[in-house]
Amino acid sequence: MRPRFVLFGSSIVQYSFSKGGWGTILTDVYARKADIVLRGYIGWNSRRALQVLDKVFPKDATVQPALIIVYFGGNDSMQAHPSGLGPHVPLEEYKENMRVIANHLKSLSETTRILFLTCPPLNEERLRQSTSGLCLVRTNEMCRRYSEACIEVCKELDVKVIDLFTAIQKRDDWANVCFYDGMHFAEEGSKIVAEEILKVLKEADWEPSLHWKSMPTEFAEDSPYDLLASDGNSTLNPSDWTFHREIQWD
């Protein structure tokens, strides 16, 4: 059975299969190596994640995921509303919720690996334009604070984490090219996310390795039914060809 990678989070995850998203990139890179499973829920915060944690990741499942990539925080970090409604979660509660999520996932299996993504930055002006009519207040300062909180929790629990707040801003024109609405990733933003994920998977000292080049390709044996070579006397095994990719991922 192919290993299963589960993407769990809010809209950054749900939309990762659209607009050249990072989930689509991972699915291509891991074709015939791992199944990428989408568990993304637009608008969700860490409180809602806790409500379904046992259902999405039951401890008694026959087969547990090989890798779980988690993203919550963008909605938690939104400004609180006086009514108490909305997705805002106070920072200390957010940190505790992320601890609960991490500890639950760590308990699933000794071979289940976990990777958290932090809040990315925002293009605040574009976000205000794209969300006109919604009571949606998000700032880069709040994203930074929740990003740092996620990193703090992951270091505390020895869980791998990618600092997207910093990684996205390494590109000079990040605010203009990385988002299509000010907060959700356009193709250029998703390339950065995918690159950061693949870097972690390559460098991690996990056994077995989850780096795509180290994983076996399903049904990769030579066959007389493979593509015929130009000599007309042999066949070419195309199972690991990657020429179709715009980026030759490491």
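Which backbone oxygen lies 2.6 Å from a polar atom of the side chain of His 88? The backbone oxygen is that of Met 78. This is a predicted model, in which local features need pLDDT of at least 70, side-chain atom pairs count only at pLDDT 80 or more, and totals for chains, interfaces and linings use all residues. Residues are numbered from 1 along each chain as its sequence is written, and side-chain values use heavy atoms, with hydrogens and water left out.

**His 88**
- His 88 sits in the loop between β3 (67–71) and α4; helices (H or I, at least four residues) and strands (E, at least two) are DSSP runs numbered from the N terminus.
- With 19% relative accessibility, His 88 counts as buried (under 20% relative accessible area, with a 1.4 Å probe and protein chains only).
- Beyond its neighbours within four places in sequence, His 88 is in contact (heavy atoms within 4.5 Å) with residues including Arg 47, Asn 75, Met 142 and Tyr 146.

**Helices α4 and α6**
- The axes of α4 (residues 91–106) and α6 (residues 140–157) come within 10 Å and cross at roughly 40 degrees; axes are lines fitted to C-alpha atoms over the stretch in contact, and angles run from 0 to 180 degrees between N-to-C directions.
- Among the residues making the contact are Tyr 94 and Met 98 of α4, and Tyr 146 and Ala 149 of α6.

**Val 52**
- Val 52 belongs to helix α3 (residues 46–56) and is buried, at a relative accessible area of 17%.
- Leaving aside neighbours within four places in sequence, Val 52 is in contact with Phe 8 and Trp 44.
- Val 52 and Asn 75 are 23 residues apart in sequence and 17 Å apart in space, C-alpha to C-alpha.

Note on methods
Buried means under 20% relative accessible area, exposed over 50%, partly exposed in between (1.4 Å probe, protein chains only). A polar contact is a pair of N or O atoms within 3.5 Å; within protein, one must be able to donate a hydrogen and the other to accept it, and residues adjacent in sequence count only if both atoms are side-chain atoms.
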